[in-house]
Amino acid sequence: MLISSHFKAAWWLTNRHMQTIAAKWLRRNEKLNTLIETIELPDGDFIDIAWTEKPQADNSQPIVVILHGLEGSVDSHYVKGMLATLKQKGWIGVLMHFRGCSGRANRQAAAYHSGDTRDITYLATILKNKYPHCPLFLIGFSLGGNVVARYIAHNVNNPFTAATIVCAPLHLASCSLRINQGFSKLYQSYLVNMLKNSTQLKIDSQLITTINTTALKKVKTMKEFDQLVTAPINGFKDADDYYHQMSGLNNLTSIVQQCLIIHAIDDPFLNHQAMISNESLPQNITFELAEKGGHMGFITGNNPLKPIYWLEERIPTFIEQFL
């Protein structure tokens, strides 16, 4: 069902870009101690996961798994904030780094993409088997949210009680166009440069031999990167084929468990009109639309010295109803 959010942007942060940038800037110095565990994957690669605390085998505390956004990590502001909140509540939080995002390059040419569900599928099985008494929940931010949508839609018997998806590019084609417009081009440039740097390292180490440095240097937009790198390395015909196959929007009606989707209409990364499914959503999905919030912002409160990060109230409240 589609509902309007009760979120109200702080009076001093009503602009979409200010919400987006302030969320990162205000938390730039926050620290969070985590325990890193390396998971060896069936295909010979690995991922690093970051725990707020390592559960015991007989633990019964909720475990909340977080998937970060494009080129994110445990140091991303929204990850640090959510993990700290989960810890304060007495729950256990764990971030799954996508391949190559933990500060260590992964071992293969391909790292991750917006619809890659292999690693969360493998991790979910490990968690279910090692901690059978712990209720499991899943949160996906931005790109990680699209991965969550595809994962729970294609794995209806997954072990998670409920899932939350925040600011996800559920319609990849329109989102790649949106981030190439106006001020949003600055975000695009920042992300594309990070992607190009990690790709160049793989070219230098000869993990990638089908792409040359000259072609990579010419890449300016997200779609150009997906056309040159993401699509061919991951077996897609081209960027458009990748966008079509991996967009989570196509899978929402296949989700059978409780799922909360949060989206800000003013998100500068996403195309709002293309984000809403034309099909009627099942009752188990709550698609919550906020007028403002930017991309991963959602800052409220009357005191600029004490900002309130609304997502860290809304998401735990959603989870609590299943405990």
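## A quick tour of the fold

The accessible surface of the protein comes to about 14,200 Å², and carbon and sulfur atoms hold 51% of that area (Shrake-Rupley method, 1.4 Å probe). This is a predicted model in which local features need pLDDT of at least 70 and side-chain atom pairs count only at pLDDT 80 or more, while totals for chains, interfaces and linings use all residues. Residues are numbered from 1 along each chain as its sequence is written, and side-chain values use heavy atoms, leaving out hydrogens and water.

**Overall build**

- The protein has 11 helices and 11 strands, which are DSSP runs (helices H or I, at least four residues; strands E, at least two) numbered from the N terminus.
- Its radius of gyration is 19 Å, close to the 20 Å that the globule rule gives for 323 residues, so the protein is as compact as a globular protein of that length (taken over C-alpha atoms; the rule is 2.2 Å times the number of residues to the power 0.38).
- The C-alpha trace spans about 50 × 45 × 45 Å along its principal axes.

**Burial**

- Of the 323 residues, 57% are buried (under 20% relative accessible area, 1.4 Å probe, protein chains only).

**Helices α8 and α9**

- The axes of helix α8 (residues 222–233) and helix α9 (residues 239–246) come within 8 Å and cross at roughly 90° (lines fitted to C-alpha atoms over the stretch in contact, with angles from 0 to 180 degrees between N-to-C directions).
- α8 and α9 are therefore roughly perpendicular to each other (65 to 115 degrees).
- On the α8 side, M222, K223, D226, Q227, T230 and A231 make the contact, meeting A239, D240, Y242 and Y243 of α9 (heavy atoms within 4.5 Å).

Key. Parallel < 35°, antiparallel > 145°, perpendicular 65-115°, else oblique. Buried < 20%, exposed > 50% of the residue type's maximum accessible area, 1.4 Å probe, protein only.
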